[in-house]
Amino acid sequence: MAARMMPSRHDPIRPRGERPVGISVDGEAVDGVEGQTIAGVVLATGRLAWRRTSVDGRPRGLFCGIGVCFDCIVTVNGERDVRACQRRATDGDVVETQHDELPEAAR
Ligand code: FES
């Protein structure tokens, strides 16, 4: 198992006293721990991609992990284009994946 896919309960470097957070991703309840990014919570479920490119429909998820590439964008609590690798998960967050089509004029 790759380190990035390690469930938080098996992470040997997790801080003590962690508090659980619960978010929903496309309506599915997902558990994480306080301090994890939304991308970290989603990756721990085993999901590697959560959106598709608008041109070719190719899968995208975490790529750079440092907020540069925007491959990981999601909608969080109604706010679009949030970089999942940069936003810490907070209890009750509602995360929706984005699959935007290209506008007709751009085709
Ligand atoms: S993975 Fe590159 S901005 Fe989030």
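Leaving aside its neighbours within four places in sequence, which residues is V95 in contact with?

Reply: The model is predicted, with pLDDT of at least 70 needed for local features and 80 or more for side-chain atom pairs, while totals for chains, interfaces and linings use all residues. Residues are numbered from 1 along each chain as its sequence is written, and side-chain values use heavy atoms, without hydrogens or water.

Once neighbours within four places in sequence are set aside, V95 is in contact (heavy atoms within 4.5 Å) with I23, S24, V25, D26, I38, V74, T75 and V76. V95 is also among the residues with the most contacts inside the largest nonpolar core, together with I23, I38, W50 and A84. This core has 18 residues; such a core is a set of buried Ala, Val, Leu, Ile, Met, Phe, Trp, Tyr and Cys residues joined through side-chain atoms within 4.5 Å. Two or more residues come from each of β1 (20-25), α1 (38-44) and β5 (73-76), and α1 gives the largest share, five residues. Helices (H or I, at least four residues) and strands (E, at least two) are DSSP runs, numbered from the N terminus.

D93 belongs to the loop between β6 (79-83) and β7 (94-97). D93 is buried (under 20% relative accessible area; exposed is over 50%, and partly exposed lies in between, with a 1.4 Å probe and protein chains only). Although buried, D93 has no salt bridge, that is, a side-chain nitrogen of Lys or Arg within 4 Å of a carboxyl oxygen of Asp or Glu. The nearest side chain of opposite charge is that of R87, 5.9 Å away; Lys and Arg count as positive, Asp and Glu as negative, and His and the chain ends are not counted. The side chain of D93 does make a polar contact with the side chain of T90, at 2.8 Å; this is a pair of N or O atoms within 3.5 Å, one able to donate a hydrogen and the other to accept it, and residues adjacent in sequence count only if both atoms are side-chain atoms.

Elsewhere, R51 lies in strand β3 (residues 49-52). R51 counts as buried because its relative accessibility is 15%. Its side chain reaches the backbone oxygen of D71 at 2.8 Å.
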